[in-house]
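Dear colleague,

Please look through the model first and then read on.

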Amino acid sequence: MTGLTRRRLLRGLAVAPAAAAIGTPQIARAAEIELRYGNNLPATHPLNVRAGEAADRISAETKGRVALTIFPNNQLGGDTDMLSQVRAGAMTFFTPSALVIATVVPTAAISAVGFAFADYDQVWQAMDGALGAHVRDVIAKANLHTFEKIWDNGFRQITTSGAPIETAQDMDGLKIRVPVSRLGISMFRALSAAPTSLQFSDVYAALQTKIVDAQENPLPIIQVAKLYEVQKHCAISNHIWDGFWFIANGPAWNALPADVQEIVASAINDAGLKQREDIKALNGSLQAELEVKGLAFNGTDPDSFRAKLRDGGFYSEWKGRFGDEAWGVLEGAVGKLA
Ligand code: X2X
């Protein structure tokens, strides 16, 4: 690509109302290359804290040539809008959950199959290994570049404003919000719940106004998005492990000089590894904090959930949808599922 074409492309990326964003605006104004990163989580979530550190490192290592400006908390729109913006190049980076990017790249939902992963060791081995590589290859075909290290969302837990959820039977008719995700809807229907897809930007209000009675998210999100204010019970269900793929608009990424690509990729991947540690630590401490805020916790009977999904044909249906190749890579990491 010629320097001129590259400059034009890069100029197209640079429109940043710096006041609304995290980072170093005085450098952002002077920078030659502006990279815009939007996400759906509050600024206090480890994803934004570590991305902020990556932005500082990128600025330092490029001597101010490159500014990564972060727009947290759906400032640039909800998940569906941000996914469109990163595909169109209006945003350089986005971190959609595996569930959400699957609206564009269906195979990406494979890591979010219910009760697939036993623990974090298995998660990182799979996602830093063959399963993650398989998904990144498929995402690349949609003209999106994916950084190597997936960031952690966490194991998802079910919160309710009504009765606690202890076994799969308690899911019957539950009005629960799920992300904009075909897999999420399918899984909760197989559990006899009544799921509704909503973007994360709409979740707090939907719970507050009782449009839905329940939602499911990892503890760090329940904490930073203050969902405990509008929910009473939290069932430790660990029903889905969810990660955030750090993706870039493909042409914009390819237009960056090689030295910049290297600095950015290394800062983002390193920050992702630290972010995984943050989430792990929070998993250990958050239950006690959330209890103080009034959220009541209970364990669940995971076998009752697995059995209901299996007997309802959930695994065989999704094996068919993902196809034998992707399903084989998943089972290679976690063992037989169906
Ligand atoms: O929308 C959600 O629930 C969240 C924040 O976990 C995702 O991005 C999938």
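Which cavity is the largest? It is the space taken by the ligand, and please bear in mind throughout that this is a predicted model.

As for the setting, the domain assignment of the chain gives domain 1, comprising 6–153 + 243–289, and domain 2, comprising 157–240 + 291–334. Their C-alpha centres lie 24 Å apart, and 37 residues of domain 1 are in contact with 40 residues of domain 2. The ligand lies between domain 1 and domain 2, because both of them give residues to the shell around it.

That shell is made up of Asn40, Leu41, Ser97, Asn153, Arg156, Arg177, Pro179, Phe200, Asn217, Ile221, Asp242 and Phe244, and by residue class it divides into five nonpolar, four polar and three charged.

Turning to individual atom pairs, a polar side-chain atom of Arg177 is placed 2.6 Å from an oxygen atom of the ligand, and for Asn217 the distance between an N or O atom of the side chain and an oxygen atom of the ligand is 2.6 Å. For Asn40, an N or O atom in the side chain lies 2.9 Å from an oxygen atom of the ligand. With regard to solvent, the ligand taken alone exposes 270 Å², of which the protein buries 100%.

With best wishes

Note on methods. Residues are numbered from 1 along each chain as its sequence is written. This is a predicted model: local features need pLDDT of at least 70, side-chain atom pairs count only at pLDDT 80 or more; totals for chains, interfaces and linings use all residues. Side-chain values use heavy atoms; hydrogens and water are left out. A residue is near a molecule or strand if one of its heavy atoms lies within 4 Å of it. A polar contact is a pair of N or O atoms within 3.5 Å; within protein, one must be able to donate a hydrogen and the other to accept it, and residues adjacent in sequence count only if both atoms are side-chain atoms. Accessible areas come from the Shrake-Rupley method with a 1.4 Å probe; for residues, only the protein chains shown count as cover. On a 1 Å grid over the protein atoms alone, a cavity is a set of points where a 1.4 Å probe fits but cannot get out, and a pocket is an open set with protein on both sides within 12 Å along at least five of seven lines; lining residues have an atom within 4 Å of a point. A molecule sits in a cavity or pocket if more than half of its atoms lie within 2 Å of its grid points. Ala, Val, Leu, Ile, Met, Phe, Trp, Tyr, Cys and Pro count as nonpolar, Asp, Glu, Lys and Arg as charged, and the others, Gly among them, as polar. Domain bounds come from an automatic or database domain assignment. Contact means heavy atoms within 4.5 Å.
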